[in-house]
Structures are given as C-alpha cells and as structure tokens.
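Here are a few notes to go with the model. Have it open while you read.

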Amino acid sequence: MSSIIQQHKLLLLSEQADVYGRILETANLPGLKIVTGSLPPYPADCDLVFGEPSLIRQALPHLPNLKWVQSVWAGVEPLLDPTLRRDYTLTNAREVFGSLMAEFVFGYLVLHERKILQRLASQKKHRWDQTPPGTLRGKTLGLVGVGSIGAELARAAKFFGLTVHGYTRESEGCEHIDRYYHGAELLEFADGLDYLVAVLPNTSATRRLITAEVLARLPAHALFVNVGRGATVDESALIEALETERISGAILDVFEQEPLPAESPLWETKNLIVTSHTSAPSFPADISRVFIVNYLRYQAGQPLKHSVDFERGY
C-alpha cells in the first residue's frame, strides 16, 4: 500500500450539492478538493464526480480526466446509454436503501392486511367496523430480485413470520430466502404467492418481466408491489388484472414514464395506490458514507465497492 496521498478534484453534481459538500468537508478526506457546478463550463481537471446520474450524463463530454463516478442513486440508467463514454469506473449507492424499502413495503402490506383505509372510511361514516383483519403471519412473499435491497426485505419478512421465495438471475446468497427460482421458473415462482414484490433494476433482461401470464398465476387475494423500476411491469396487463379483480391490489412506486402523466389510466385504476417514487429517498448523510468509504479505498489503491457493469446495468 502506498503512503503517498494522491490529489484528486471532485465535482459534485446534485440538487443537494451544498449539503453533500458540507458533509464531505467535515470528513476531511485526504487529498480531496471539492467543487460544485451543475451547469457548463465544468472544471475540466476534475477526475472524480459524485452526484445524480441525470446531471452527470450532461457533464461526461466535458471531463477529459474523469476516472471514477459515484452515483447517489442505486439506479444508473442515464449513464448506461451505449453511445456514452465508458472509460471510467462507475459505482452506485447500495447497502443504504434496504431498511427504507423495508419500511415502505411492510408498511403497505400491513395497511392492506389490517384494512386501515377501510377503517378510516368507516370512521368518517361513524360506522363501527369489525370486519376481521388479515395477517402477514404464515403467508408467502415472492421477491423478484434478491440483491442488497431484496435481501433486506427477506430479512424483515422473517420478523412477520413470512415464507420467502426469491426469483434471481443466478445468485442464492441470502440466508432468509426459503426457496430460489431462476430463468424459466418465473411462472412456477409466481404460483400461489400472497405478495409479489419487484425489486429489479432496469435492464434488457428485466423489462416487461411481470406479464399478464405472471399475474394470472397469483391468487385473487394477492398484492403486487413494485419498488424497483417501472419498466419491469407490463402496465396494461396490470391495469386489466386490477380492474377485473384478478388480483386484489397493487402498490406502485415506480413507473415506465416518470413523472406519471396526468392522463395515465393508472391514476384511476381500481385498488391501486400510487406513491410517486418516494419509497427510499437518497438521504445525503447515508449516501455520503458510501462515497467516503469508497474514496478511502480509492486512495489506498483498493477495489471500489458497488461497481456497476455497464453491460449488465447493475
């Protein structure tokens, strides 16, 4: 390990650049000079960038010395366009969103089973409503995607007494998954699930993975939750499944087009809750820790954590 402190210039590209800047300055990272600037001209001598992929994309052609980009998001789709340069290391934000996603997913599962919205409606009518509630205990949760976020959801599911099935590309490293499925086993995976939760990135392999055929394998009481990417779901098929009560409900945090257009039929679809991409916000204190750990590894010449494969998209 070299003891020489390398000098680096970091460009912050974020709507919260001032907040990130204060956190990083307090960290006193060795050899790091921090600059901000969301519009051109960008400082051409910056070799590091930390920020939002949508803003970083605009800056890529203006940073000839770029070596490493740290995204504040888990998803990095704006930087995966094959026409863009790929001559730098790209890392994303992982291991920070799992607990937030767990709060979101299980909050809505409890809301569904405990009939909380129904209770509120009954209260407004001054009606004593003793409709028996459901329970999560003893039911089966299916996770489409078991990365760091899916693994945290699986861990939290055990607190509620759920059986957990996981559908993944190939990995089987989560101890909280009771049964794994892969490849052509998607329909078998969906059979009989009480809750289907999608936690996938947007890649060519994941687009429209949740089809009418998959939804048809769910029982009528099933609930679908998407906290991954909107392109994972055939939205027309989901609308039909909800309108015909083929499944009992859906919670959508992400959509193929965001913001969701005012004219989209999803706003009025029966038994659908729209949460407007709020399930796991990027809190600067959390994301800054990801950068700080990686920067110290970068200075030490060690491999960076959470590197993104441009071809796979994650």
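Is Phe291 buried or exposed? Phe291 counts as buried, at 0% relative accessibility (buried is under 20% relative accessible area, exposed over 50%, partly exposed in between, with a 1.4 Å probe and protein chains only).

1. A word on the basis: this is a predicted model, where local features need pLDDT of at least 70, side-chain atom pairs count only at pLDDT 80 or more, and totals for chains, interfaces and linings use all residues. Residues are numbered from 1 along each chain as its sequence is written, and side-chain values use heavy atoms, with hydrogens and water left out.

2. Now the ring pairs (Phe, Tyr and the six-membered ring of Trp, centres within 6.5 Å; planes under 30 degrees apart are stacked, over 60 edge-to-face, the rest tilted). The structure holds eleven aromatic pairs. Tyr88 and Phe310 make an edge-to-face one, at 5.6 Å centre to centre and 85 degrees between the planes. Tyr88 sits in the loop between β4 and β5 and Phe310 in the segment after α9, so this pair ties together parts 222 residues apart in sequence. Tyr88 is buried at 6% relative accessibility, and Phe310 is buried too, at 13%.

3. Phe291 and Tyr295 are stacked, with 5.9 Å between centres and 20 degrees between planes. Both lie in helix α9, four residues apart, or about one turn (helices are DSSP runs of H or I, at least four residues; strands are runs of E, at least two; both numbered from the N terminus). Tyr295 is buried, with a relative accessible area of 0%.

4. Ring pairs also link Phe291 and Tyr295 with Tyr20, Phe50, Trp68 and Tyr298 into a cluster.
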